[in-house]
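Student: Could you take a close look at one part of this model, the pocket, and at the parts around it?

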Amino acid sequence: MIHSVVHGFYDRIRKDELLAPIFDGAIPPQDWPAHLDKMCAFWSATLLRTDRYEGRPLPPHLAIELAEEHFRRWLSLFRDTVDQLCPPEVANLFLDRALRIAHSFRLAIAFHRGEDSMRIVPISRDALS
């Protein structure tokens, strides 16, 4: 299921008007298989507490100019993917983790940019388009 979610989600990302250019600029075409494998390992570690993922997911995101609209679109596409592919309880687990990760990244990016991170409020499922 993790494999289906990761691959289905990134298929959507790579076709999205807003997010595809960001990912195309950060991940060369030949690196996509390795990136997808890494994301499967990340979600395995995140959801199942396996030790498959080794890495630090935040630093690459600090190097990209990400804005609120990017996170909202990312979360909306992720929600749509898990809702389509997973039973409701699993979709909720995936989305809960994704919302928490997005909030953590948004806080870290604001801090890294010298912005007031106290103004960053979590994005809720209900706030997604």
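Tutor: What follows goes through the pocket, then a helix of its lining, then the cysteines and one histidine.

This is a predicted model, in which local features need pLDDT of at least 70 and side-chain atom pairs count only at pLDDT 80 or more, while totals for chains, interfaces and linings use all residues. Residues are numbered from 1 along each chain as its sequence is written, and side-chain values use heavy atoms, with hydrogens and water left out.

The largest pocket has a volume of about 690 Å³. On a 1 Å grid over the protein atoms alone, a pocket is an open set of points where a 1.4 Å probe fits, with protein on both sides within 12 Å along at least five of seven lines; lining residues have an atom within 4 Å of a point. The volume is the space filled by probe spheres set on the points, which are joined across faces, edges and corners. The lining has 28 residues, and those closest to the pocket centre are Y10, F23, H35, P57 and H61.

By type, the lining divides into 21 nonpolar, four polar and three charged residues. Here Ala, Val, Leu, Ile, Met, Phe, Trp, Tyr, Cys and Pro count as nonpolar, Asp, Glu, Lys and Arg as charged, and the others, Gly among them, as polar. At least two lining residues come from each of α1 (2-13), α2 (20-26), α3 (32-48), α4 (58-62), α5 (68-85) and α6 (88-112). The helices are DSSP runs (H or I, at least four residues), numbered from the N terminus. The most is given by α3, with five residues.

The 12 residues of α1 should span 16 Å at 1.5 Å a residue, and the end C-alpha atoms are 16 Å apart, which agrees; the expected span is 1.5 Å times one less than the number of residues.

The structure holds zero disulfides, a disulfide being a pair of cysteine sulfur atoms within 2.5 Å. C40 is in none, and the nearest cysteine sulfur, that of C86, is 12 Å away, too far for a bond. C40 is buried at a relative accessible area of 6%, and C86 is buried at 9%.

Finally, H103 lies in α6. This histidine counts as buried at 18% relative accessibility. Leaving aside neighbours within four places in sequence, H103 is in contact with I120, V121 and P122.

Definitions and conventions: Buried means under 20% relative accessible area, exposed over 50%, partly exposed in between (1.4 Å probe, protein chains only). Contact means heavy atoms within 4.5 Å.
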